[in-house]
Amino acid sequence: MTMTSDIEENSEPVTFLVEGTVVTMDAERRVISNGAVAVVGDRIAEIGDAAEMRIRHPGARRIGGDRRYVIPGLIDCHNHVGQVLCRESVAEDFPNIYRIYIPAEAIQSQDDIRISAQVAFAQLMRAGVTTMTETTCTVSHEEPILETAMETGIRIAMARGMWDRESRLAGNYEQITEKSWYSDDPKILADDLAYTKEFFAKWFEKGEGRVRPWVHNLGVPSCSDERFLATDELAAEWGTGVMTHINRDREEIELSVSLFGHRPIEHLASIGALTERLVAIHAMLTTDREIQLMAEAGAGVAHAPVVCTDIMSAVTRVPMMRAMGVTVGLGADTVINDVLKLMRIAYIMHNQAAMPLFDPYGFSMSDAFEMGTIDAAKLLKWDSEIGSLEVGKAADITVIDANNVRLSPSTNPVATLVRYGVGTDAESVLVAGELTVHEGELVTIDEAALLLEAEELGARVMSQMVPRRYVELGTNVNVL
Ligand SMILES: [Zn+2]
């Protein structure tokens with residue numbers, strides 16, 4: 001059976017025939033052996049039998065072939081490109097978010113952030129990722145990151161950020177004389193909303209369909225109720241949403257309870273800001289009540305499994321969230337820019353919790369694969385364009401080289417990829433019908449030249465982070 005679209009009937013030339021075992025991730029989860037995907041311009045024009053399509057499109061450029069898996073371009077739902085060059089040290093530098101991650105991002109100039117963005121995009125695209133999600137904390141970085149995305153060819157959801165609230169949790173001993181407090185700044189909010197409106201209009205146009213502007217609200221401790229409500233309204237006008245780091249650590253929850261009498265997700269629900277446009281980033285320390293509230297509101301979760309352990313918090317309750325109907329997508333969060341590995345980590349993490357109940361369906365390999373493809377697309381409200389291979393959708397396609405005994409033979413490519421796949425198995429990657437990786441090499445980035453710049457920047461960033469450490473790190477590695 002071959003599915004075609006109007007595009008093909010209008011006889012525009014097929015630019016690519018992408019051949020192999022086609023894992024569609026469509027509603028029926030069809031897998032087509034000896035299949036092919038035909039690309040016309042930036043769209044998928046046809047999916048069907050490779051031999052038959054080759055005859056009808058003799059002029060098309062053929063990629064993929066025998067022992068290849070043709071899968072939807074992988075999707076990363078959470079990242080901070082400015083933190084890519086300090087990623088190796090952060091676990092040992094605990095507590096790390098406000099001492100290492102955010103300062104490492106903040107010290108970078110606009111030229112520096114272009115290098116960091118190229119490094120992150122190179123890692124992601126080389127690992128078969130076609131869509132990434134940036135979550136900025138630094139306004140001056142937003143334009144250079146988007147310009148770099150346009151140059152390198154990756155698709156990007158850009159959650160631009162600002163905060164308009166100061167707050168402080170009084171620690172145990174401080175409570176003898178002090179109380180926790182917060183203070184909002186309406187002027188910062190007004191100025192930033194005006195800027196955000198212009199930003200949305202500009203990048204919906206300039207991004208040529210590859211950029212979706214979102215809002216980043218750093219969290220309840222940093223953003224006013226008015227900001228949550230106003231940004232939700234703005235996102236509704238444009239059909240995107242608001243991403244917020246939430247229910248991540250004990251201090252944040254304690255602050256919210258002490259100031260508002262509610263946990264953070266409950267607080268957003270109480271003010272009317274928990275909507276289908278909210279993407280809760282991490283949401284590790286989330287109660288049954290809060291999962292219920294998110295399910296009722298239609299809110300989603302960006303789950304970065306590695307960071308569950310990296311910031312020493314807790315394991316996000318993903319099987320429960322999915323069972324309740326909450327959409328969950330995977331996020332690399334800079335630490336491992338490889339969505340196939342994230343799927344495996346998520347599978348091990350969540351299946352381990354399900355198996356003591358003797359429930360083989362508690363969290364499956366297919367569930368993990370969905371969270372990096374179609375469910376990730378739903379989370380980003382982009383599933384009419386990406387997340388599955390279907391006629392009429394954008395031609396975001398990853399070809400996996402399975403011409404080895406690690407990935408072949410296989411009767412279930414999804415399970416094989418979740419168990420054994422690594423990013424560098426990606427042989428070719430198309431974003432919106434354009435090659436960004438071919439035969440295992442980046443097409444749009446000179447990796448050797450980038451490496452030299454990244455080494456210089458990485459050394460400079462880390463030299464400024466080392467004095468921020470409390471103590472000399474205990475380590476069994478001695479780099480000479
Ligand atoms: Zn984050």
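Trainee: Which residue of strand 13 is the bridge partner of His245?

Mentor: Ile281 is the bridge partner of His245. Keep in mind that this is a predicted model. Strand 12 (residues 242-246) and strand 13 run parallel, joined by five bridges.

Trainee: What does Ala280 stand opposite in strand 14?

Mentor: Val301. Strand 13 and strand 14 (residues 300-303) are joined by three bridges and run parallel.

Trainee: Is strand 13 buried or exposed?

Mentor: Buried here means under 20% relative accessible area. Five of the five residues of strand 13 (residues 278-282) are buried, so the strand is largely enclosed by the rest of the structure.

Trainee: How many residues of helix 3 are buried?

Mentor: Seven of the 10 in helix 3 (residues 97-106), so this helix too is largely enclosed by the rest of the structure. The buried residues are Ile97, Arg99, Ile100, Tyr101, Pro103, Ala104 and Glu105. Their cover includes helix 5 (139-152), helix 11 (305-310) and helix 17 (447-465).

Trainee: What describes two packed helices?

Mentor: The angle between their axes and the distance between the axes. Take helix 4 (residues 110-126) and helix 5: the angle is about 45°, and the axes are 9 Å apart. The two helices are therefore oblique to each other. Helix 4 passes helix 5 in a right-handed crossing.

Trainee: Which residues of helix 4 meet helix 5?

Mentor: Gln110, Ile113, Arg114, Ala117, Gln118, Phe121 and Met125. On the helix 5 side, the residues met include His141, Ile145, Thr148 and Thr152. By class, the contact of helix 4 with helix 5 has seven nonpolar, six polar and three charged residues.

Technical notes
Residues numbered from 1 in each chain as written. Predicted model: local features only at pLDDT ≥ 70, side-chain atom pairs only at ≥ 80, totals over all residues. Heavy atoms only, no water. Buried < 20%, exposed > 50% of the residue type's maximum accessible area, 1.4 Å probe, protein only. Helix = DSSP H or I, 4+ residues; strand = E, 2+ residues; numbered from the N terminus. Contact = heavy atoms within 4.5 Å. Axes fitted to C-alpha atoms, helices over the stretch in contact; angles between N-to-C directions. Parallel < 35°, antiparallel > 145°, perpendicular 65-115°, else oblique. Left-handed = near helix turned anticlockwise from the far one by under 90°. Nonpolar A, V, L, I, M, F, W, Y, C, P; charged D, E, K, R; others polar. Pairing = 2+ DSSP bridges.
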